[in-house]
Amino acid sequence: MTKSSFSNIQSEYLAVIDHNKCVRCKRCIQNCGWGTYSFGGDKILADHSKCAACGRCYTYCPEGAISIIKNPTVIRENANWQEPLVKNIWRQSETGGIVISGMGTTFKYKKYFDHILLDACQVTNPSIDPLREPMELRTYLGKKPSKLDLDFDEKGEPVLKTKMPPQIELQTPFVFGAMSYGSISLNAQKAMALAARALGIVMNTGEGGLHDDLVPFGKNIIVQVASGRFGVHRDYLNSGVAVEIKIGQGAKPGIGGHLPGEKIGIDISRTRMIPVGTDAISPAPHHDIYSIEDLRQLIYAIKEATEYEKPVSVKVAAVHNIAAIVSGIVRAGADIVYIDGYSGGTGAAPTVIRDHVGIPIELALAQVDERLREEGIRNEASIIAAGSIRSSADAVKAIALGADAVAIGTAALIVMGCHVCGKCNTGNCSWGITTQRPELVRRLDPEVYGERLYNLISAWSHEIQEVLGAMGVNSIESLRGSRERLRGIELTDAELKALGIKHAGL
Amino acid sequence: MMTIDAAGMHYKELNRLIREGIANGVKKFFIENVNGQYYIGDGIKGDDVVININGTPGNDLGAFMDGPTLTVNNNAQDNVGNTMNAGKIIINGDAGDVVGYGMRGGRIFIRGNAGYRVGIHMKGYNEQLPVIIIGGKVGSFFAEYMAGGVIVLLGLEDDDSDELDIDYFASGMHGGTIFIRKKIDFSKFSNEAELYEIDDKDADFLKEYLTDFANSFNISIEEIYKKPFYKIVPSSARPYAHLYTSA
């Protein structure tokens, strides 16, 4: 079919310039990664159709002369035929393509974290003041023995006889979620690596290999293995504190990764160990994993290659039968299971998958924790919960629902300036995060944003200490899986049952 | 030199002994009575390490291997050379499914047949060129998502027909080269790759590897050259570029 250049799709946003304030410094032209602005000889011109409302231009306009406003010329309102649906119909009729988006779903599904309330102490079992009493957030991820054997030395002191399986030590129960070099820039990865080292937590390479510049951060890195095996070799497996097998991702359960060839420049090629310009295709099925037994085979292939010194994590998306799936993964020998809820982010996913597949992390977590306890294997693996952890409150609730730690992805990018415009897949990110264009990447200073990430996680950690103190517990361990400390509000009986919590007031 | 009697031994112990031997400077291993032990040679290093395996090794033989040579004097099972980076695996018999998954370097020579999913996700990178040569036949999903490297399918016992009795051959292929000794109608298999006659450069390239293969199994090189070679290469390094539109 020949393609008509005429499009029905009107600009979603307008980049409005106040020409009385504008001093024609052209900073907006430099800053916009989308090419919205140009100089028309005597004034700045804006091509509204290119604007992503990413916020870069007005943040850096010295005169405050730019406003990004929603295009008032709306598509006629209709509760059934909503604007995004109509626009996608036009978009697809014009291109014949699968619609691709970045970030997590924009749908207004019920957010269960916002319907869960935390308990606090009053009078009896008094609360603890975290400002003057120790409050333990240290978390160990990995398999825990079901019993401990002790010996006694000649002085009668106990000596641990049980050999502890390998653990990841976190100073606070946060990790940075997996984001590959390719999906994000190297500077964005470096910012997380610097913060992870300062905080005593870990970041995750995603399936994009380990860039030479990140090798010194090995003690704060989880390396990932997915179906494309990009940059995976023996030394890579041994370069971090743990290895993660990626099966699924919350934003796109059942869908793989695909970094288009135009993003595979020299440096990414070197890191992924593939030629420049070829597509990096990493399909969802591993093609050598068709059963729990096959997964076990890969888990132990990695354990052999790392001489049983690294915990092996398996990352899956939260889907309908998640409890049974995680039970299988734990029995396959995983030391950590990373569960990613349906509102988790992505560098690129078919919009139809992002918006319609998977289940909320809160429900998945509650069901998984319950199932593993029933089966008596909860100690066999740690659980990392992910899928838009937006605040320390979300983190506390996730831990009380059964997680050992939570992963931060989108929130970390927001620290770096991300305005969640959802166009990560285009590679034009004005903030230098989800782009490989050198002039854009350069503006993201890893030191500056490493410090801001440190600040955020420190602040959230202090908030968790406050919450723990209010609850009268002095360690995050004491809250883990403690659903009795949670109550639901505005939830149905079915929802309360799935979450395993009582309604507020009961 | 080190000889290990693997009879009744768990793979964990066997592989520990091999790793320990390599760490102590052993260059040549003989492993006797191998009976299905997984992961032999998993993640080991050393270009001058040679391991002779008598018996039938289990799955993931030479996974993540980086340099050594493994010789199997029998059949092998599934996942031979999984994500192998360098080295050589010689199999004097048949191999199971999924040979050379995501393999990035080194050579795998199979005297007999191999199962399904041979060479999927195989990748080449700079001077690293993975090569798989199969003396016999292969199953379906051959070279699926192949992204680099070379696979040679000899079909030494095949008849003279121009048919290849497999499905999903080279689907999703976007890099690398496959050589076969049949002028098949490739359009029946995949739109993503095409069949051509080989040129002098291809012939020169093949000669070195085929000679190595022939010598490894005492096959006459004339036998291998009895039929002409054809090559299959992808039509595009970006097979799915046209599928998407941005929201």
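Colleague: Which strands close into a barrel in chain A, and in what order?

Modeller: Let's start with the general idea. Strands of a sheet pair through backbone hydrogen bonds, either parallel or antiparallel. In this predicted model, eight strands of chain A close into a barrel, in the order S11-S12-S13-S14-S17-S18-S20-S21, and the pairing is parallel. On average, neighbouring strands of this sheet are turned by 25° against each other, direction ignored.

Colleague: Could we take one pair of neighbours? How many bridges are there between S18 and S20 of chain A?

Modeller: Five bridges hold that pair: strand S18 (residues 336-340) and strand S20 (residues 382-386) of chain A pair in the parallel sense. To find the pair on your screen, look for A:Ile339, whose bridge partner in S20(A) is A:Ala385.

Colleague: Now S13 of chain A. Is this strand largely enclosed or open?

Modeller: A residue counts as buried if 20 or more other C-beta atoms lie within 10 Å of its own. Five of the five residues of strand S13 (residues 221-225) of chain A are buried, so this strand is largely enclosed by the rest of the structure. Both of its faces are covered: A:Ile221, A:Val223 and A:Val225 are buried on one side, and A:Ile222 and A:Gln224 on the other.

Colleague: And which strands run parallel to S13(A)?

Modeller: Strand S12 (residues 202-204) of chain A is joined to S13(A) by two bridges, with A:Met203 opposite A:Ile221. Strand S14 (residues 242-246) of chain A is joined to S13(A) by four bridges, and here A:Ile222 stands opposite A:Ala242. Both pairs run parallel.

Colleague: Which residues of the largest nonpolar core touch the most other members?

Modeller: Think of a core as buried nonpolar residues linked by closeness. The largest one has 221 residues, and A:Val337, A:Ile339, A:Ile384 and A:Val406 touch the most other members. Helix H4 (residues 186-199) of chain A gives the most to this core, with nine residues.

Colleague: How far apart do the centres of the two domains of chain A lie?

Modeller: The domain assignment gives domain 1 (13-73) and domain 2 (139-503), and their C-alpha centres lie 37 Å apart. Each domain gives nine residues to the contact. On the side of domain 1 that touches domain 2, five residues are nonpolar, three polar and one charged.

Colleague: Let's turn to chain B. Why is strand S5 of chain B largely enclosed by the rest of the structure?

Modeller: Five of the six residues of strand S5 (residues 86-91) of chain B are buried, so S5(B) is largely enclosed. Strand S4 (residues 66-72) of chain B runs parallel to S5(B) and is joined to it by five bridges, with B:Asp66 opposite B:Ala86. S5(B) also pairs in the parallel sense with strand S6 (residues 107-110) of chain B, over four bridges; there, B:Ile90 has B:Phe109 as its bridge partner.

Colleague: Finally, how many residues of chain B are in contact with chain A?

Modeller: There are 42 residues of chain B in contact with 38 residues of chain A. On the chain B side, S12(B) gives the most, with three residues. The residues on that side divide into 16 nonpolar, 16 polar and ten charged. Strand pairing also crosses between the chains: strand S5 (residues 98-101) of chain A and S12(B) pair in the parallel sense over three bridges, and A:Val99 has B:Thr245 as its bridge partner.

Methods
Residues numbered from 1 in each chain as written. Chains lettered and ligands numbered in written order. Predicted model: local features only at pLDDT ≥ 70, side-chain atom pairs only at ≥ 80, totals over all residues. Contact = placed C-beta atoms within 7 Å. Nonpolar A, V, L, I, M, F, W, Y, C, P; charged D, E, K, R; others polar. Pairing = 2+ DSSP bridges. Domains from an automatic or database assignment. Axes fitted to C-alpha atoms, helices over the stretch in contact; angles between N-to-C directions. Core = buried A, V, L, I, M, F, W, Y, C linked by C-beta atoms within 7 Å. Buried ≥ 20, exposed ≤ 12 C-beta atoms within 10 Å, placed from the backbone.
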